[in-house]
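Please consult the sequence and the coordinates alongside the text.

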Amino acid sequence: MALQVGDSAPVFSAKDQEGKQVKLSDFKGEKVILYFYPKDDTPGCTAQACNLRDNYDTLLSRGYKVLGVSVDDEKSHVKFIKKYNLPFPLLADTDHAIVEAYGVWGEKKMFGKEYMGIIRTTFVIDENGVIEEIIQKVDTENHTDQILGKND
């Protein structure tokens with residue numbers, strides 16, 4: 001069954017780009033933007049990451065921590081972060097544990113071919129670990145506005 005607003009966010013533990021273990025419980029008492037994206041350094045994923053980067057101070061001032069998740073490895077994340085000067089951690093979910101727990105691993109289509117991959121989705125998690133919002137139709141270039149509710 002798919003996660004819904006009001007559900008407890010599934011707990012997770014994964015390594016960030018520096019090999020440091022990051023757990024959802026590390027952010028108890030803080031709001032978390034947990035965004036799932038398909039692949040490092042691809043056009044849509046870059047637009048999304050750069051939009052969050054460019055609005056990072058605003059997000060921090062509103063009390064949010066930002067975590068990106070893809071199935072790319074730590075080395076790929078390091079390159080992506082350096083290339084675009086991203087100020088937030090990217091988690092390497094190489095075993096698909098987090099994407100499966102959040103229900104964002106699924107069938108996709110591109111150029112008539114079907115394949116399995118990450119369905120771009122953002123979860124806003126409150127201070128108590130409860131899902132406050134789920135954004136499934138992500139506007140990569142204006143994602144911060146979606147999160148902060150500016151295009152309602």
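Aspartate 41 is partly exposed, its relative accessible area being 37%; on this scale, buried means under 20% relative accessible area, exposed over 50%, and partly exposed in between, with a 1.4 Å probe and protein chains only. The model is a predicted one, in which local features need pLDDT of at least 70 and side-chain atom pairs count only at pLDDT 80 or more, while totals for chains, interfaces and linings use all residues. Residues are numbered from 1 along each chain as its sequence is written, and side-chain values use heavy atoms, with hydrogens and water left out.

**Salt bridges**

- A search of the whole structure finds five salt bridges, a salt bridge being a side-chain nitrogen of Lys or Arg within 4 Å of a carboxyl oxygen of Asp or Glu.
- Lysine 83 counts as exposed, at 53% relative accessibility.
- A further salt bridge connects arginine 53 with aspartate 54, the closest N and O atoms lying 2.8 Å apart.
- Arginine 53 is partly exposed at 26%, and aspartate 54 is exposed at 55%.

- Lysine 65 lies in strand β4 and is partly exposed, with a relative accessible area of 29%.
- Glutamate 30, partly exposed at 27%, forms a salt bridge with lysine 65 in which the closest N and O atoms are 3.5 Å apart.
- Because glutamate 30 lies in the loop between β2 and β3 (31-36) and lysine 65 in strand β4, the pair ties together parts that are 35 residues apart in sequence.
- Apart from neighbours within four places in sequence, lysine 65 is in contact (heavy atoms within 4.5 Å) with Phe27, Glu30, Lys31, Val32 and Ile33.
- Lysine 65 and glutamate 141 are separated by 76 residues in sequence and by 19 Å in space, C-alpha to C-alpha.

**Sheet and helix**

- Seven strands form an open sheet with mixed pairing, in the order β2-β1-β5-β4-β3-β8-β9; two strands pair if DSSP finds at least two bridges between them.
- Strands β2 (21-23) and β9 (131-135) stand at the edges with a single partner strand each, so one side of each has no neighbour in the sheet.
- Neighbouring strands of this sheet are turned by 30° against each other on average, direction ignored.
- Strand β1 (residues 13-16) pairs with β2 in the antiparallel sense over three bridges, and valine 22 in β2 is the bridge partner of alanine 14.
- Helix α3 (residues 74-84) lies across β1, β4 (64-70) and β5 (90-92), running at about 160° to β5; axes are lines fitted to C-alpha atoms, for helices over the stretch in contact, and angles run from 0 to 180 degrees between N-to-C directions.

**Cysteines**

- The structure holds zero disulfides, a disulfide being a pair of cysteine sulfur atoms within 2.5 Å.
- Cysteine 45 is in no disulfide, and the nearest cysteine sulfur, that of cysteine 50, is 11 Å away, which is too far for a bond.
- Cysteine 45 is buried at 1% relative accessible area, and cysteine 50 also counts as buried, at 12%.

Terms used:
Helices (H or I, at least four residues) and strands (E, at least two) are DSSP runs, numbered from the N terminus.
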